[in-house]
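Please read its numbered points beside the sequence and the model.

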Amino acid sequence: GAPPPYGPEDVEPARELARRAALAVDNARLYEEARQAARARDEVLAVVSHDLRNPLHAVLLAATVLEDFSSPEHWTDRDRQQLRVIRRSTEQMTGLIQDLVEVIAMETGAPSLQRERVAASPLPGSVAELFQAQADEKRVRLVCEVPPGLPQVEADRGRLLQVFSNLVGNALKFTPPGGTVTLRAAVGDGAVHFSVSDTGPGIAPEHLAHVFDRFWRARRGERGGLGLGLAIARGIVEAHGGRIWAESTVGEGSTFHFTIPALSF
């Protein structure tokens with residue numbers, strides 16, 4: 001009779017084909033599950049960020065009215081302290097919500113920018129002024145090292161201050177009392193190069209590659225926010241055509257760098 005259509009030599013290729021087909025099916029299933037999970041997560045974040053804003057604003061407004069417009073003689077120091085705690089906590093929660101909104105928006109594209117000609121030299125000093133009271137409270141020295149005559153950049157000034165604020169806020173958070181946070185600016189390779197250095201504990205090499213990831217922190221339960229600030233900073237810098245990176249030595253401190261293309265020299 002006729003020989004069988006398949007022989008022993010066909011078994012192994014058939015097994016390999018079946019294995020690859022099963023792997024492709026598994027990959028497709030896992031990919032779809034991941035997409036559904038990401039959609040569900042983003043929908044939850046969007047609802048939370050939207051629905052929390054109104055009650056938070058109401059709490060903040062009520063605390064402001066009580067603190068600023070009530071008769072001072074009716075309040076004890078403890079009362080005023082509790083109102084300040086309410087205001088600070090509400091402002092912090094509002095900031096976390098804004099970070100969530102920003103990250104959700106970045107999922108669909110680069111952040112929107114209102115570009116204009118911006119003088120680079122004053123930017124570090126402006127940020128230092130904003131954080132001086134916080135630095136004094138923590139007993140951390142805040143230093144600016146900015147040469148005169150830096151070129152202008154075409155940028156969204158508010159967004160650049162947001163990047164700086166995220167970096168300086170992180171630096172102050174991890175710098176112990178008696179330490180120093182230094183803001184620098186220089187020019188090179190057609191860009192203005194900004195940096196924020198601290199004398200904190202530093203970042204382990206295995207963690208350094210992840211510091212700009214969303215929702216990432218080196219230790220779970222670590223003090224601070226949601227791990228979104230550096231991811232947002234990266235999105236803003238890259239939308240300007242610049243780049244951002246970090247360098248660190250454990251036990252000595254960290255430096256976060258970012259560049260913004262310069263207009264002229």
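**Note on side-chain contacts**

1. Arg19 counts as partly exposed, at 46% relative accessibility; here buried means under 20% relative accessible area, exposed over 50%, and partly exposed in between, with a 1.4 Å probe and protein chains only. This is a predicted model, in which local features need pLDDT of at least 70 and side-chain atom pairs count only at pLDDT 80 or more, while totals for chains, interfaces and linings use all residues. Residues are numbered from 1 along each chain as its sequence is written, and side-chain values use heavy atoms, with hydrogens and water left out.

2. Arg19 forms a salt bridge with Glu16, with the closest N and O atoms 2.8 Å apart. The term denotes a side-chain nitrogen of Lys or Arg within 4 Å of a carboxyl oxygen of Asp or Glu. Glu16 and Arg19 are three residues apart in helix α1 (residues 11–69), and therefore separated by about one helical turn. Helices (H or I, at least four residues) and strands (E, at least two) are DSSP runs numbered from the N terminus. Glu16 is partly exposed at 25%.

3. Glu16 also forms a salt bridge with Arg20, again with closest N and O atoms 2.8 Å apart. Arg20 lies four residues from Glu16 in helix α1 and is exposed, at 54% relative accessible area.

4. Three salt bridges are found in the whole structure. One of them joins the side chains of Glu145 and Arg184, at 2.9 Å from N to O. Glu145 belongs to strand β2 (residues 141–145) and Arg184 to strand β4 (residues 180–188), so the pair ties together parts 39 residues apart in sequence. Glu145 is partly exposed at 41%, as is Arg184 at 31%. Salt bridges with shared partners join Glu16, Arg19 and Arg20 into one network.

5. The largest nonpolar core has 43 residues, and those with the most contacts inside it are Phe164, Val168, Phe194 and Phe258. Such a core is a set of buried Ala, Val, Leu, Ile, Met, Phe, Trp, Tyr and Cys residues joined through side-chain atoms within 4.5 Å. Helix α4 (residues 157–174) gives the most to this core, with eight residues. Beyond its neighbours within four places in sequence, Phe258 is in contact (heavy atoms within 4.5 Å) with residues including Val163, Phe164, Val192, Phe194 and Ile244.

6. How many aromatic pairs does the structure hold? There are four, where rings of Phe, Tyr and Trp (its six-membered ring) pair if their centres lie within 6.5 Å, and planes under 30 degrees apart count as stacked, over 60 as edge-to-face and the rest as tilted. The rings of Phe164 and Phe194 have centres 5.3 Å apart and planes at 75 degrees, so this pair is edge-to-face. Phe164 in helix α4 and Phe194 in strand β5 (residues 191–198) are 30 residues apart, so that distant parts of the chain are linked. Both Phe164 and Phe194 are buried. Ring pairs link Phe164, Phe194 and Phe258 into a cluster.

7. Ser254 is found in strand β7 (residues 253–261) and is buried, at 5% relative accessible area. Its side chain makes a polar contact of 2.8 Å with that of Ser248. A polar contact is a pair of N or O atoms within 3.5 Å; within protein, one must be able to donate a hydrogen and the other to accept it, and residues adjacent in sequence count only if both atoms are side-chain atoms.
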